[in-house]
Amino acid sequence: LFQGLTDSTFSRTEGWEFLQFGKYLERADKTTRILDVKYHILLPRATDVGGAVDTAQWQAVLRSTSALEAYRRFYVTEILPRKVAEFLVLSESFPRSLRYCLRALEHSLGHIGGERRQSLPPSPAEIDFQRLRSDLENLSINDIIARGLHEFLQDAQSVIGRLAASV
């Protein structure tokens with residue numbers, strides 16, 4: 001209700017950009033945390049991978065991020081952990097994926113502060129943010145998993161937190 005009211009009644013000024021920034025900041029943070037909890041803490045025994053409980057847990061992750069229907073439209077096949085991670089981290093079109101949220105954050109950040117801000121050098125938090133954005137544009141899910149999905153998600157959460165504090 002709040003998002004609907006602000007989208008349909010607020011002028012597109014700095015105040016509205018702060019609301020958008022906050023929305024996508026929270027989405028990025030929560031999506032990474034939910035995915036990390038399943039991947040790291042609830043990681044099943046090797047014998048359970050692909051079983052009914054594992055599939056149900058991955059389905060719950062998708063529901064928790066409001067992604068189940070979008071995932072099923074995108075990947076018509078069964079729910080696979082690698083595909084879930086790919087969808088929630090790298091999707092360009094799903095509005096709760098990390099990649100989508102960071103692109104929206106970058107857009108809002110560009111409008112907050114206007115010309116005053118653009119004349120200042122980027123903060124260390126903004127530099128880290130740009131590095132993370134670049135990684136999401138250039139890495140595949142295989143690259144991220146090879147690096148360590150848990151470590152990648154923790155790094156993303158740290159960068160998001162520093163950016164929020166900086167702003």
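Helix α8 crosses helix α10 in a left-handed sense. The model is predicted. The axes of α8 (residues 124-138) and α10 come within 9 Å. Their crossing angle is roughly 140°. Angles over 145 degrees would count as roughly antiparallel, so α8 is classed as oblique to α10. On the α8 side, the contact is formed by A125, E126, D128, F129, R131, L132 and L136. The α10 side contributes F152, D155, A156, V159, R162, L163 and S166. By class, the contact of α8 with α10 holds eight nonpolar residues, one polar residue and five charged residues.

Helix α10 (residues 149-166) also packs with helix α6 (residues 98-111). Here the axes come within 13 Å and cross at roughly 20°. Angles under 35 degrees count as roughly parallel, which means that α6 is roughly parallel to α10. The crossing of α6 and α10 is left-handed. From α6, the residues in contact are L98, L102 and L109. They meet F152, A156, I160 and L163 of α10. By class, the contact of α6 with α10 has seven nonpolar residues, with no polar and no charged ones.

How values were computed
Residues numbered from 1 in each chain as written. Predicted model: local features only at pLDDT ≥ 70, side-chain atom pairs only at ≥ 80, totals over all residues. Heavy atoms only, no water. Axes fitted to C-alpha atoms, helices over the stretch in contact; angles between N-to-C directions. Helix = DSSP H or I, 4+ residues; strand = E, 2+ residues; numbered from the N terminus. Parallel < 35°, antiparallel > 145°, perpendicular 65-115°, else oblique. Left-handed = near helix turned anticlockwise from the far one by under 90°. Contact = heavy atoms within 4.5 Å. Nonpolar A, V, L, I, M, F, W, Y, C, P; charged D, E, K, R; others polar.
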